[in-house]
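This briefing is for a reader meeting the structure for the first time.

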Amino acid sequence: MLNTKKTYQKLTMSLSLLGLSTVLLAQNNTVFAEIKSAKGNSELQNYSAEKAVDNVVSDKSRWINQRNEKGHPEIVLNLKKKQLVRGIHLYSGFGHKDAVKDFVVYYKDVNSNWKKVKDIRNNSKTALAVPFKRAVNTAELKIVFTKTKENLARIKEIKVIKNLQGKFPAIDDLKAKIKVKYKYESLWNDSKRFPSDQIVLDSIVNIPFITGDFQLHVSMKNFQFSVSDSDGEIVIPSHKISGLYFSGGKAMTGRLLNADREKGIAVFKVKNSVNKIAKVTVLTNDENVIKFTVETDDNSRIVLNAGVDGVAHGLGDSGGFHEKFDLTSRRRVYPIDNNGGGHRWASSFVIFPQSGYAGVHFNLGAKKVLLDGIAGSYEMAIDGVNTADFYYILGNNKQIYQHYKTLRNKYGYNDVYPKSQLFELGWETWDALGWNTNEKTVKETLQEFLDRGYPIRWAVTGSGFWEEGGTTTSFGKFGPKFSNAVALKKWLNDNKIAWMIGLRTNIVPAGGPYYSKRKRFDRNLKVGGFKGNPIATEGLAKGYFIKDQNGDAKKFTSGVFPVVPTYIIDGRVKGTGQWFLKQFNKWNVDGIKEDTMMRLGGNVDVFNRPISALANAKQNYLIMARCGAFSSPGTLLRINDTGGASSMQRRTPLNYMQYAACGAPNVYSDTIGFHRIRDKVSSIRLAWMQAMTAGIAVGALPKKWSVEDEAMLKKAIMFRYALTPYFYSEAVRAFNTGYPYTLTPLTIANKYDLNAKHLPNYQWMIGESILATPLLKNYKSGIMDIYLPAGKWIDYDTNKVYEGKQMLKNFEMPLGKTPVFIGGKGIITSRKSDDSAIEVSVYPVSKISNNVYEYTYMNGKDKSIIKYGKMSDVNFSKVKVVNTTKNSIVKFTVDMKKNILKFTIEPNCNYEIINN
């Protein structure tokens with residue numbers, strides 16, 4: 001408990017609690033036997049057995065066995081050669097607590113049998129010398145830990161002592177002052193490398209959370225901080241140099257000014273290396289959330305620094321353009337910006353899913369994030385401010401996303417309730433027609449798709465629908481290409497197709513016409529002059545546009561369209577959302593594809609309010625968003641200009657998964673076969689990828705394909721059509737919880753599975769029953785390595801059963817194969833037609849005795865809850881299905897070939913599958 005009267009707590013090994021102190025044990029060849037390798041019977045993430053023999057005594061460099069492992073933890077040491085061994089030094093526990101209590105040491109004799117050589121009982125020392133009664137001649141030792149806290153062996157280091165003359169060597173004195181040198185490059189100085197720092201023992205302040213099971217530890221030396229859980233395990237490690245940088249210097253000393261445990265608040269005064277002072281307020285009054293508020297006397301860069309533990313994902317578009325899904329794989333500074341091109345959806349959110357924490361900062365301005373897995377650094381920065389807020393969120397991954405959703409909603413970044421029609425197959429004009437878009441070409445192309453059996457339910461006319469010389473914001477002024485817009489909308493709606501138009505948030509000034517200085521334009525665009533927009537006068541008067549430093553409306557010029565200076569609607573200004581909605585209503589269409597292409601730097605926050613105002617309007621507009629921050633302003637969140645097959649192998653799925661990791665899983669890219677429909681192989685692979693995500697659309701017709709090839713394309717599309725109810729229901733669940741159910745990366749879905757860290761191919765979960773395994777890398781090979789997490793998995797096409805936690809090497813994935821395995825809860829919902837009843841399919845895979853599946857119908861309102869028990873070894877002949885709402889027996893069928901139980905459900909009725 002925090003003691004406000006006693007500011008400093010003198011702890012013998014205080015910095016080891018922070019994960020800072022480290023003893024580097026010299027390899028004394030005259031004392032210690034050289035160890036070739038170490039192997040534990042299991043390993044907790046990031047705590048391998050090799051860390052128990054790396055000559056480092058540290059809370060970070062330990063071997064810890066897996067939780068709930070059957071039997072006792074044990075470790076085997078292989079010596080470099082066979083020799084006489086006299087004993088061991090054993091360093092265990094966490095800080096100076098939780099030492100292993102009972103353990104037995106064995107050696108392997110000449111007959112390769114394990115013989116007991118030492119039995120230790122009731123030990124309480126975290127640094128223990130263990131001499132044997134006699135020296136043993138061996139090349140292997142085994143230690144079995146028979147009594148530990150929660151059956152976890154926390155082993156910092158094991159040293160094997162040779163057979164020496166004289167007194168058995170004493171254990172190293174861990175209570176002496178410890179000095180460790182680090183070299184580290186930081187955001188603090190982008191051109192210089194900081195000199196080595198010395199970290200010495202000092203005092204810390206421990207701040208327990210009011211709720212939850214965590215404790216924050218703040219060192220008064222360099223303001224380094226860490227967080228531990230109820231077991232004393234470090235969840236958020238400390239930064240190796242300093243926890244804070246501000247006003248041109250790193251934090252050097254801290255002092256607790258006041259604290260109130262009941263309110264969960266502590267206030268510190270921090271002095272930095274250039275003698276500047278900052279006030280730091282720490283709040284732990286929100287369950288599993290820490291808020292740091294840093295206040296300085298000048299407008300400068302403020303950086304809050306923590307350590308790195310495990311893989312990291314997130315950062316929106318900033319994190320989607322690089323080599324790996326794991327953002328800690330190399331040192332990189334990520335600007336959180338909008339550059340008008342590939343970086344248009346911004347988020348500073350980073351999750352460490354296998355460690356159990358996340359971080360985010362929302363302040364307006366030039367935000368950056370640095371991640372460096374090698375140096376162990378995670379830094380959040382913002383420039384040109386005197387106050388900055390930083391958050392850390394803790395817990396299991398579902399808890400983290402729930403808390404994050406609540407937190408971003410507080411800042412006004414609200415999700416929009418998903419619209420089911422955007423989960424249907426769509427069509428876009430751009431890939432098919434470019435700027436040659438008009439009523440005739442749109443209807444002809446769509447009719448041909450419909451005649452070929454493509455169930456298109458929304459269409460984007462992304463160009464040419466406005467008056468000549470106008471733009472997408474010449475609201476309601478259709479030009480000659482769409483002179484009969486009312487009739488076109490009726491034709492589309494009669495064919496169950498919603499009409500969406502491309503829309504930007506940049507307004508051409510009143511007056512004009514305005515002419516571009518450019519001579520070459522995008523694709524087949526021909527530009528004369530741009531008419532001025534009279535609504536700009538109203539927007540200026542009400543202050544609705546982004547302003548410069550002098551408070552005047554600032555003009556921006558797009559590199560694509562429109563190519564003249566324009567104003568940008570500033571969604572941060574109150575009233576812009578409803579004003580934009582009022583203007584948009586003049587178009588009288590069904591929705592938009594937002595596509596503002598303007599270099600805005602740190603102005604990432606200006607899109608959410610005006611675009612989400614359309615999404616939440618009573619007209620029920622369908623919104624595909626591109627620009628925004630922290631949450632998606634539309635049902636679909638789009639990445640753009642992905643280039644088909646080339647980006648399918650890297651950028652597109654990386655962007656997808658980073659969006660999902662940020663809590664925005666309803667992803668969409670460009671149309672199937674974008675600009676490359678002639679390449680049937682890449683187009684079909686791309687179709688399967690889109691079939692595994694929220695958004696799927698076609699563009700150009702595959703006119704020159706064979707019947708067989710087009711049938712494979714349609715198989716992917718119709719698979720997705722059948723499972724659209726399942727996808728939509730998972731999207732609603734994602735909206736309600738913040739957890740990325742429609743696309744869950746395996747590292748997030750399987751926190752404790754270390755094999756999920758570095759997969760050879762892109763895989764993700766859809767809900768808790770479908771494992772998506774589309775072949776994207778080396779897609780022409782037709783084979784891929786697929787990792788199956790723990791559990792029972794069934795190949796969707798062949799019904800072959802696999803046990804999980806294994807890699808399927810060189811798995812055949814031909815073009816026509818559905819890249820899906822069913823596992824987990826083993827339940828999916830599907831449809832046969834628009835009007836058919838929803839069918840539930842239950843696979844015999846679940847090993848859980850109390851499954852609950854909640855299905856939300858396509859109207860977004862009705863629900864059904866299905867309860868069932870363990871199904872992995874079920875005999876369907878002994879099963880009955882009950883409608884518990886109507887208290888009636890439900891007829892079901894069993895697909896004997898695939899061993900799947902199927903039944904249909906009614907809205908607002910609940911069901912139970914009873915296994916007799």
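Asn396 caps the N-terminal end of helix H2, with a side-chain oxygen 3.2 Å from the backbone nitrogen of Lys398. The model is predicted, so local features need pLDDT of at least 70 and side-chain atom pairs count only at pLDDT 80 or more, while totals for chains, interfaces and linings use all residues. Residues are numbered from 1 along each chain as its sequence is written, and side-chain values use heavy atoms, with hydrogens and water left out.

**Helix H2**
- The 14 residues of H2 should span 20 Å at 1.5 Å a residue, and this agrees with its end C-alpha atoms, which are 20 Å apart; the expected span is 1.5 Å times one less than the number of residues.
- Among the buried residues of H2 are Asn397, Tyr401 and Arg408, where buried means under 20% relative accessible area (1.4 Å probe, protein chains only).
- Just after H2, Gly412 takes a positive phi of about 90°.

**Largest pocket**
- About 860 Å³ of space lies in the largest pocket.
- Its lining has 29 residues, and Ala749, Asn750, Glu768, Ala790 and Gly824 lie nearest the centre.
- H2 (397-410), helix H13 (746-749) and strand S45 (792-795) each supply at least two residues of this lining.

**Largest cavity**
- The largest cavity has a volume of about 180 Å³.
- Of the 19 residues that line the largest cavity, Asp415, Gly663, Ala664, Pro665 and Asn666 lie nearest its centre.
- Helix H12 gives the largest share of that lining, three residues.

Technical notes: On a 1 Å grid over the protein atoms alone, a cavity is a set of points where a 1.4 Å probe fits but cannot get out, and a pocket is an open set with protein on both sides within 12 Å along at least five of seven lines; lining residues have an atom within 4 Å of a point. Grid points are joined across faces, edges and corners, and a volume is the space filled by probe spheres set on the points. Helices (H or I, at least four residues) and strands (E, at least two) are DSSP runs, numbered from the N terminus. Buried means under 20% relative accessible area, exposed over 50%, partly exposed in between (1.4 Å probe, protein chains only). A polar contact is a pair of N or O atoms within 3.5 Å; within protein, one must be able to donate a hydrogen and the other to accept it, and residues adjacent in sequence count only if both atoms are side-chain atoms.
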